[in-house]
Amino acid sequence: YQRAAETAQRTYANDDAIGYYRHLVEPPFVTQLSPQVACEVLTELSKVLSLAGQTEEAERGARLALAQTQLLGETRWRFQAQQRLGDVLRQKGSYDEAIAWLTQAMDGQQQSADQQAFMTSCGMLGRTYYLRGDYQRAMTLYEQQLALADYLADERSVCDVLSAMGSVFWAQGDLDAAERKLQECVARSAQIGHKSGIATAVNVLGNIAKARGDMASAWQWYVRLSEIARAIGHPRALTVAIGNLSDLYAARGDYVGYFFYNKEALRIDLHIEDRRLACMAIYSMAQILLLLRQLDHAEVLADKAMRLGRQLKLTDHLIYIYKTLVEILIERGRLPEAAERHAESIALTQSFGDRLLLGHDGRFDLAVLGIRLQLLQGQIEAVGAIGELRTLALQTKAAQRQAKIEYEVWRIDATQDTARVDAAILYQQLYAHSPQAEFRRRYAELTREALPEPTPIEDVLGLVPAEPFDLAAESARIVNLASQVDVWLT
């Protein structure tokens, strides 16, 4: 059974592997296993359960393996069980616990000169710090992992760390460096049939294409990710692909497609208990419901996302969640609450120093929002608000930000025709490069003219039903689905 399970793992037959390992940890076989073999089987069962998205059972398996190590004199198994438990906790979003267990495992593996295990722990701990937004620590650990992977001639690990480094470069806004690492990962992974390595890399390549405004390429990368995820039975990679495809639907203004892709992503996130991905899916829906003026449901979701983000300490993501919540409160006329939340978000950004946030910087958007709040609360006059916006404009050369400033100036004072014309020209140019709904919408508002409709997006995963779309009903269903996170927030 153990050999059959190992063979199934190598061929990505996760369900078969789970079945074989479960046979071994149930009567009559479990009573025949030595403590060492029992520990090994429980650890591998936990690993494959994690890949299959069965996180709760994976955690139980890891904890049982750790308990089993108390019967062993050999510390290597204890460090391996600690490593496994830390990785499961990372997937659940329990980052502080994950860091503690992975650090224990690394220290023990380093002292016992178990280089292979130490290398793996470096990658797991690096990933945990990456998810927490500590990119410097993450990169230091990845560099250690890469040096050991090269030394041990472990090509799969080399591919994994190249992808991980690419993610860090992407998060810090260095798209060219990220792309080089990721393309190298894809090429080397393809040579050895390392499908999960390719999956991780193509996801971030899609993110890079999206950041550059190349939505067609981003779509292709994410579709490829969904295909690989299904082929290898990897629900976490699948939900990432579906969530990213939903964002492309939203960017193109196809909110029907967005709703059903986002809902499917959230459903999988909740099923596999990935709190971070669930948080981001809920926040994303709050943004869209704000745009579609479903303010009651938007506020409920934004509040859930903020509470979950705080619990997980997703500091980078919290900046954008706060921004959405502030915008909702402004739209609802609750300016004192909006100002309070805005002040909290500014305090959060100040704790980061000069560090870039997730490849693009929320500080600019928060600054514009702060000027708008001051104007609405009567703390500054229109002339003062326009002056602050003009000062802000001197700090950026990005066309999208310049367009936003000119647009905000025109919103404050409709007689500022130069600002209106400049904003319209910039949005037209931005739309020509990347046909996004925001650019088209603002151009129409500025000129009362319509830019060409983008090409419709194909429902490649068959998630959009043929029935007429009921916005109020669907948003209520999303809120009901998102209520499942309440158990995590108690």
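Val 186 is buried (under 20% relative accessible area, with exposed meaning over 50% and partly exposed in between, for a 1.4 Å probe and protein chains only), its relative accessible area being 10%. The model is a predicted one, in which local features need pLDDT of at least 70 and side-chain atom pairs count only at pLDDT 80 or more, whereas totals for chains, interfaces and linings use all residues. Residues are numbered from 1 along each chain as its sequence is written, and side-chain values use heavy atoms, with hydrogens and water left out.

Val 186 belongs to helix H10 (residues 175-192); helices are DSSP runs of H or I with at least four residues, numbered from the N terminus. Residues up to four places away in sequence being excluded, Val 186 is in contact (heavy atoms within 4.5 Å) with Ile 198, Ala 201, Val 202, Leu 205 and Arg 224. Val 186 and Gln 287 are separated by 101 residues in sequence and by 33 Å in space, C-alpha to C-alpha.

Gln 91, a residue of helix H5 (residues 75-92), is likewise buried, with a relative accessible area of 10%. Beyond four places in sequence, Gln 91 touches Ser 50, Arg 236, Glu 273 and Asp 274.

With residues up to four places away in sequence not counted, Tyr 130 touches Tyr 135, Ala 138, Tyr 142, Ser 167, Val 168, Trp 170 and Ala 171.

Helix packing was then examined. The axes of H15 and H17 (lines fitted to C-alpha atoms over the stretch in contact, with angles from 0 to 180 degrees between N-to-C directions) lie 10 Å apart at an angle of about 30 degrees. The contact of H15 with H17 consists of 8 nonpolar, 3 polar and 3 charged residues, where Ala, Val, Leu, Ile, Met, Phe, Trp, Tyr, Cys and Pro count as nonpolar, Asp, Glu, Lys and Arg as charged, and the others, Gly among them, as polar.

Helix H17 (residues 315-331) also packs against helix H18 (residues 335-350), the axes coming within 9 Å and crossing at roughly 165 degrees. This arrangement makes H17 roughly antiparallel to H18, and the crossing is left-handed. The contact includes Leu 318 and Tyr 322 of H17 together with Arg 341 and Leu 348 of H18; by class, it has 10 nonpolar, 4 polar and 3 charged residues.

Helices H12 (residues 215-232) and H13 (residues 235-252) pack at an angle of about 155 degrees with their axes 8 Å apart, which makes H12 roughly antiparallel to H13. H12 passes H13 in a left-handed crossing. The contact of H12 with H13 contains 15 nonpolar, 2 polar and 1 charged residues.

Definitions and conventions:
Helix = DSSP H or I, 4+ residues; strand = E, 2+ residues; numbered from the N terminus. Parallel < 35°, antiparallel > 145°, perpendicular 65-115°, else oblique. Left-handed = near helix turned anticlockwise from the far one by under 90°.
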